[in-house]
Amino acid sequence: MVRDNRSEVRKVLILTLLLNLFVMGLKAVVGFQANSLSLQADALHSVTDSANNILGLIASRLSSPIPDRDHPYGHQKYEALGALGIAAFLGIACFEILKSATERILEGGSPVRIAGAELSLLIVVLGVNIFVAFYERKIGRKVGSPILIADAYHTMSDIWVTITVMAGLVGVWQGRVLNLPQLQWLDVILSFPVALLVFYSGWTVLKANVPWLVDEMAIAPEAIHQIVMEVPGVINCHDIASRGLLGRQIFIEMHLVVEATDVENAHKITEEVEIRLAEQFSPVRVIIHVEPPDYQHDRITFESEDS
């Protein structure tokens, strides 16, 4: 039985939404007061955090794991679609950061004005980001929520972005104190690694969710074959296919050659196969096509495109 964890996911998303709105406002105020391009870019990144939380709330509401007439396999891919939305927002943020940094280099701009009090506020921002990232990742792994795990990766990128921005602003601040105007360029230069960190976060989210959406193999057929062959009464199994996400929901299909020639004993063997697979890969849903003892087949899975 698949557990419906959406209420827990929504509680986490609502809390992180409120914290992200606070962080976004603080970054924006300090960024515009200080005329810091890197901090304004970081605030833009935080806009996507809040948008992602709202997107996650919508996706979580739609992603019931309980099958219905129109969705016999459940609705969990809505969460993966929500995670892809996060990746899209990260791509937009990356583009905007690079665009702003390039314009500042080509066209110039007013100098950055940063003070110690404003840097202290950024330490508060950093602390909030650290809490949100680890809290979301912990709960996401506990309840098996792709949307929380994806958002935790996004927030983790915020931590490194904020650290990078703070390092640049500390340099700019020291440049003002020591009368070294050339250190003003640190703010623009550090906007580029910020963009790369944002892009990497989006790529990580994309890589984690696309295989689920395109029904990539979830479990090696050899591993399934080994477990099934240990069940008494099984002669062989072949045409093994699997899809889904381990720890979330797995679907397995196979053809099973059994020793039994009657339906009752064949059914008992297939039930034992399902129990063994559930022990290893739960939650799992198994579909088995039973074949008679004299059936011959050497292939344990579908042939690859290279064969």
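**Aromatic pair, cores and backbone features**

Phe 131 counts as partly exposed, with a relative accessibility of 43%, where buried means under 20% relative accessible area, exposed over 50% and partly exposed in between (1.4 Å probe, protein chains only). The structure is a predicted model, in which local features need pLDDT of at least 70 and side-chain atom pairs count only at pLDDT 80 or more, while totals for chains, interfaces and linings use all residues. Residues are numbered from 1 along each chain as its sequence is written, and side-chain values use heavy atoms, with hydrogens and water left out.

Phe 131 forms a stacked aromatic pair with Tyr 135, at 5.5 Å centre to centre and 10° between the planes, and the structure holds one such pair. Rings of Phe, Tyr and Trp (its six-membered ring) are taken to pair if their centres lie within 6.5 Å, with planes under 30 degrees apart counted as stacked, over 60 as edge-to-face and the rest as tilted. Tyr 135 is likewise partly exposed, at 27% relative accessibility. Because Phe 131 and Tyr 135 are four residues apart in helix 4, they are separated by about one helical turn; helices (H or I, at least four residues) and strands (E, at least two) are DSSP runs, numbered from the N terminus. Helix 4 has 28 residues and reaches 41 Å from its first C-alpha to its last, close to the 40 Å expected at 1.5 Å a residue, the expected span being 1.5 Å times one less than the number of residues. Just after helix 4, Gly 144 takes a positive phi of about 70°.

The largest nonpolar core has 37 residues, of which Ile 114, Leu 148, Leu 169 and Val 198 touch the most other members; such a core is a set of buried Ala, Val, Leu, Ile, Met, Phe, Trp, Tyr and Cys residues joined through side-chain atoms within 4.5 Å. Two or more residues of this core come from each of helix 1 (6-34), helix 2 (37-62), helix 3 (77-107), helix 4 (116-143), helix 5 (146-177) and helix 7 (191-213). Helix 5 gives the most to this core, with nine residues. Leaving aside residues up to four places away in sequence, Leu 148 touches Val 9, Val 12, Leu 13, Glu 136, Ile 139 and Gly 140, contact meaning heavy atoms within 4.5 Å. Another core, of 22 residues, lies apart from it and includes Cys 237, Ile 252, Met 254 and Ala 260.

Cys 237 is buried, with a relative accessible area of 0%, and Cys 94 also counts as buried, at 9%. A search of the whole structure finds zero disulfides, a disulfide being a pair of cysteine sulfur atoms within 2.5 Å.

Asp 239, found in strand 1 (residues 234-245), has a positive phi of about 50° although it is not a glycine, and it is buried, with a relative accessible area of 13%. Asp 215, in the loop between helix 7 and helix 8 (221-229), has a positive phi of about 60° although it is not a glycine, but Asp 215 is partly exposed, at 35%. A cis peptide bond, with omega of about -5°, joins Ser 282 and Pro 283, and Pro 283 lies in the loop between helix 9 (263-281) and strand 3.

In the segment after strand 3 (284-291) lies Tyr 295, which is partly exposed, with a relative accessible area of 34%. Tyr 295 touches His 238 and Val 257, not counting residues up to four places away in sequence.
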